[in-house]
Amino acid sequence: MVRLVTFVDVPSLSEQVATVRVVSTCDCGCASVGLRTEGPQVPATTVARLSDTGRDDYFAVSASGGDVSVVLHVLSGFVGELEIFAGEGVPVAAPHADTVINIWIG
């Protein structure tokens, strides 16, 4: 997650990661988790700039790592979910940070 947030280069998002905690897990066998943070909210104008649709309430930072895809969902300016998957119902572990490549924001 830190690698994805570093790529975005938004200080308030980096501050959120410092206090992030897992509040839920996925039932399908993937390694996706729901997140909460005490960090400061990313301003709506920044969210809209980073969103590929111009939304001021959502953007995602995505990456691939081998057969695994990783998506950090930012909801209303706060980290909300780290999605880690390799296909519908495919059990997967979180990839090592060094294997996460092809990072993009949308």
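Student: What makes β3 and strand β4 count as a pair, and in which sense do they run?

Tutor: Two strands pair if DSSP finds at least two bridges between them, and β3 and β4 (residues 68-75) have eight, in the antiparallel sense. Strands here are DSSP runs (E, at least two residues), and helices are runs of H or I, at least four residues, all numbered from the N terminus. Keep in mind that this is a predicted model, where local features need pLDDT of at least 70, side-chain atom pairs count only at pLDDT 80 or more, and totals for chains, interfaces and linings use all residues. Residues are numbered from 1 along each chain as its sequence is written, and side-chain values use heavy atoms, leaving out hydrogens and water.

Student: Which residue in β4 is the bridge partner of Val 61?

Tutor: That's Leu 72. In β6, the partner of Val 61 is Ile 105.

Student: Why is β3 called largely enclosed?

Tutor: Buried means under 20% relative accessible area, exposed over 50%, and partly exposed in between (1.4 Å probe, protein chains only). Seven of the eight residues of β3 (residues 58-65) are buried, so the rest of the structure largely encloses this strand.

Student: What makes the contact between Glu 38 and Arg 21 a salt bridge?

Tutor: The rule wants a side-chain nitrogen of Lys or Arg within 4 Å of a carboxyl oxygen of Asp or Glu. Here the N to O distance is 3.3 Å, so the pair qualifies.

Student: Is Glu 38 buried or exposed?

Tutor: Exposed, because its relative accessible area is 61%. Arg 21, at 41%, is partly exposed.
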